[in-house]
Structure formats: structure tokens, C-alpha cells
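Keep the structure open as you read.

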Amino acid sequence: MQYAAGSSSGSILRLESMKLDQAFGIHERALQLRARRAELLAGNLANAETPGFKARDFDFQKVLKQEMSQPVKMSVTHKGHVQMDAGMVSPAELLYRVPAQPSLDGNTVDPQQEYAAFSSNSLEYQASLRFLTGKIQSLKSAIRGD
Amino acid sequence: MSMFKIFDTAASGLSAQSSRLNLIASNMANADAISSSAAETYRARQPVFKAMLDQMNPDNASTGVKMVGVVESDAPLVSQYQPEHPLANEEGYIFRPNVNMVEEMANMISASRSYQSNVEVMNSAKQLLLATLRIGQ
């Protein structure tokens, strides 16, 4: 379809080139990673008294930067191949926490530290949600045109 | 949505801790269960916890916990010489369980704290999911 040059058609072109799945930018990815991190920390807390359990976490900023610069996509050449889910963290990025004080049974969970990380992660999750809501509302008002 | 898995993880923590509390209650209730032979005497019981791994993907961290068994304490039983006791054996001894009350109390506090932290995790996850449902409003 050909568009004539003009101010109104210019805006149509721009809307067309904007993909909806990219409309939310970094916040969508951040939200998925926050959810994954919450899950991980909940696992650490549940295993606070399991002998030999090693607490795990990942470097949020590093993983998010990686996802944004070059999202890890595996090539799917067969119907049996599985694509990694969105918000999944590769096992290589899952690090082990260095315990502040050693325990006799080899468990490295410090419940206070894990709970603090969990709380701040929930707060950051809510911040990401707030940003997303802002994006959605600006899209909505653009659609309504008022 | 992976957030729902938090409920499973926290629930596994709750059930493991409540089984542990149950064992502690059993130990304390039987602390004075006297018997006439060492074999019949109650022994303090402790749970064995193990992290649950995702069978499909063992590299996938974030797991729940489960109680895989119960072990009986091998601390020595307390034998007392009380020939007038109705349960005394031929040599006049009775046997008391090897339950250590101080240990049990400390264990109980630890179990209830762990239970509480799992409840908190569940509540936070619920708040986050509710906020997610309201997204864009």
C-alpha cells in the first residue's frame, strides 16, 4: 500500500512499524526475570533447613542486560526441539550464594538474607508492574485519541 | 506463569515444617513414657528433609522441600533403678525415652519460625499476583 506524503500518513506509518510486543520495552523482560527470581528465593526459603542444600540466586542486572542485548534463542529445526521459555535463566547463570557463616550440615541458606532479597525483589516487581501500567495507559490514551 | 510455582514451593515448606512440628509434639508427649525393656522404649524421632528437584530438568533450581523419612535418635536411653515401680523388670530397672526437652523446645521454635517465613512468602506472592491481575487499570 502506498501512502501519500503528509502529516497524517506519517503517523500511520510510524504506528505500523511499531510492534506491539516491543511496546513494553525492558519492563516486560524485567517482570519475567523478577518472577523467576522470586521463585528461586522462595525455593531457598523453603529449604532453609534441608541438610546440604545450597542457596542459589542470579545476578539480575547481568541477566537482564544479556537478555536485552541478545536474547538467547535456540534454533528450532525439529518439531521435538524445545525453545526456552521467556523469563527462563540458563543454568550457567544460576550462582551459589557464599554463606556468611558456615553450618555443620552444609546448608548455605541464611533466612534473613533470603527474606530481605525476596522483599526487595517483590518491591521491584511492583515497580516494573507500575511502569507497565503506565505504558498501557499511554497506549490506551493514544488509541482513544483524547 | 512461573509465579504460581511459588505457591507449590511455599506449600511444600509448610507441610514439611508442620510434619516436623508433629514429630516434636510426639516426642514431647512421649517424654515420660516409661517401659520395662530397652527395645520397647520410645526413642526421640527427627524428620529428614530433602530438596525436591525438577525431574525433567535437574539444573532448574527453585525447588520445594519434602520429608523423606524419620530417623530415631540413637542417644542412650535413661535406665533407672526403681524396683518398686510396677513396670520395673526382673533386675528392678525401668527405661525412660531419650527425649531431650531443651533440644525439642529449640527445634520447635526453629520449626515455627520456618513455617512463618513460608507463610510470608505465600502472602507476598499472592499480593504480587493480585497486582499483576490489575495491570493496566
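Start with one helix. The buried residues of α1(B) pack against α2 of chain A, and also against β1, β2 (65-72) and α2 of chain B. Those buried residues are K5(B), I6(B), T9(B), A10(B), S12(B), G13(B), L14(B), A16(B), Q17(B), R20(B), I24(B) and N27(B).

The predictor assigns the complex an ipTM of 0.82 and a pTM of 0.80. Chain B has a mean pLDDT of 90, with 92% of its residues at 70 or more. Chain A averages 81, and 78% of its residues score at least 70. Within chain A, helix α1 (residues 7-17) has the lowest confidence, a mean of 48, while α4(A) has the highest, at 92. Residues 1-11 of chain A have pLDDT below 50. Beyond near neighbours in sequence, that stretch makes 4 contacts in the model. Where pLDDT is low, predicted coordinates should not be read in detail.

Now the layout of each chain. Chain A has 4 helices and 2 strands. Along the sequence, its elements follow α-α-β-α-β-α. Chain B has 2 helices and 4 strands. From its N terminus on, the order is α-β-β-β-β-α.

What is the overall extent of chain B along its principal axes? Its C-alpha trace spans about 80 × 30 × 20 Å. The radius of gyration of chain B is 22 Å, whereas a compact globule of 137 residues would have one near 14 Å. Buried residues make up 26% of the 137 residues in chain B. In chain A, buried residues make up 25% of 146.

Contact range comes next. Take the contacts in chain A with a separation of 6 or more: residues 24 or more positions apart account for 81% of them. In chain B, among contacts between residues at least 6 apart in sequence, 64% join residues at least 24 apart.

Turn to the interface. Here 28 residues of chain B are in contact with 30 residues of chain A. On the chain B side, α1 (5-29), β1 (45-51) and α2 (101-133) each supply at least two residues. The largest share of that side, 9 residues, comes from α2(B). What is its make-up by class? The side of chain B that touches chain A has 12 nonpolar, 13 polar and 3 charged residues.

Zoom in on V121(B). Leaving aside residues up to four places away in sequence, V121(B) touches A42(A), L45(A), F118(A), I6(B) and A10(B). Its partners therefore lie on both chains, given that two residues touch when their C-beta atoms are within 7 Å.

Two other positions complete the tour. M52(B) is found in the loop between β1 and β2 of chain B. Is M52(B) exposed, partly exposed or buried, and why? M52(B) counts as partly exposed because it has 18 C-beta neighbours inside 10 Å, and a buried residue needs 20 or more. Not counting residues up to four places away in sequence, M52(B) touches S12(B), T63(B), G64(B), V65(B) and K66(B). One of these, S12(B), is also on the list of buried residues of α1(B). N30(B) is 22 residues from M52(B) along the chain, and their C-alpha atoms are separated by 31 Å.

Q66(A) and L129(A) are 63 residues apart in sequence. In space, the two are 21 Å apart, C-alpha to C-alpha.

How values were computed:
Residues numbered from 1 in each chain as written. Chains lettered and ligands numbered in written order. Predicted model: local features only at pLDDT ≥ 70, side-chain atom pairs only at ≥ 80, totals over all residues. Nonpolar A, V, L, I, M, F, W, Y, C, P; charged D, E, K, R; others polar. Buried ≥ 20, exposed ≤ 12 C-beta atoms within 10 Å, placed from the backbone. pLDDT = per-residue confidence, 0-100. Rg over C-alpha atoms; globule rule 2.2 N^0.38 Å.
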